[in-house]
Amino acid sequence: MPCSKKMKSSQKLINTALSNAARSHITPQHVQKACLTVAPLQTSRPSYGPIRQIQASKQSVRQFSVSPCLYKKGGKAAREEKQAAAKDSGKDTGGDDPFDFSTLEADIAAITERLKNDLSKLRTGGRFNPQVLEALRVQPDKSSKETVKLNDVAQVIPKGRSVQILVGEKDHVKPVTSAITSSNLSLTPHPDPTGANPLMLVINIPPPTAESRKAAVQEAAKAGEKASTSARDARGKQQKKLRGMQLNKSVRPDDLKKAGTQMEKVVEKGTAELKRVVDNAKKVLESG
């Protein structure tokens, strides 16, 4: 066989090399190293021709196509994006109950209470209301820019058509006087007429006139408009909640439609209450 003949020829070459190495003083290790580099070349498998090699190289190469995951419809990225969108919309819904109007009703109740508080100041004398005086900012120490409310350093006591101000410390009398005089209330505090109490200031409130009543009515109208705007904002927040449920498909369309109708009724009831409060305040201001 061809392979056995080649092996005998290789062994013959190795023996010849060893005998020559002995004469030339070459160590057997060098001969073995040389044989190891030559033998594989003689015992290697025969070639099957260039065509077979080309075909083998073609079979060993595999072509892969790579495309971004975002281009694949319904892939993992699409599912994660959908879940994230559903999670974000769930934050705005605040639950899956479209008939929960507790937040809307609480907002409208707070708006109504704030409106009543603003109008109560107008009923008791408009801009001359004692609460307006108590809210003035006073600078007790000129060397410091820190300011405090007037009711933190003095006590405001209504007395008919006048107001008495009892200052806690003597050093605060002048800062309180300056705060009242420099305000837009058009009021002038005076020392105690009797001179008995140096810590007391007296402010005389002029009787209401047609101009002052008209100004108070206008202020009441502005307060009503502000309250109505706040009520519309509360409605928009509730509408956004229902819209989030619709996008999330967590509630049936029929329930969303019914919830929208009930929401409008809650808003209409709150708006009617705001209008009633403003109208009553206007009547009191125009008569008094």
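Biologist: Is Glu 264 buried, exposed or partly exposed?

Modeller: Buried means under 20% relative accessible area, exposed means over 50%, and partly exposed lies in between (1.4 Å probe, protein chains only). Glu 264 counts as partly exposed, at 26% relative accessibility. This is a predicted model, in which local features need pLDDT of at least 70 and side-chain atom pairs count only at pLDDT 80 or more, while totals for chains, interfaces and linings use all residues. Residues are numbered from 1 along each chain as its sequence is written, and side-chain values use heavy atoms, with hydrogens and water left out.

Biologist: Which side chain meets Glu 264 in a salt bridge?

Modeller: A salt bridge is a side-chain nitrogen of Lys or Arg within 4 Å of a carboxyl oxygen of Asp or Glu. Here the partner of Glu 264 is Arg 235, at 2.5 Å from N to O. Arg 235 lies in helix H9 and Glu 264 in helix H10 (residues 253–287), so the pair ties together parts 29 residues apart in sequence; helices are DSSP runs (H or I, at least four residues), numbered from the N terminus. Arg 235 is partly exposed as well, with a relative accessible area of 30%.

Biologist: How many salt bridges does the rule give?

Modeller: The count comes to 5. One of them joins Asp 255 and Arg 252 at 3.3 Å; Asp 255 is buried at 17%, whereas Arg 252 is exposed at 57%.

Biologist: What is the average confidence of the chain?

Modeller: pLDDT is the predictor's confidence in each residue, from 0 to 100. The protein chain averages 78, and 66% of the residues score at least 70.

How values were computed: Helix = DSSP H or I, 4+ residues; strand = E, 2+ residues; numbered from the N terminus.
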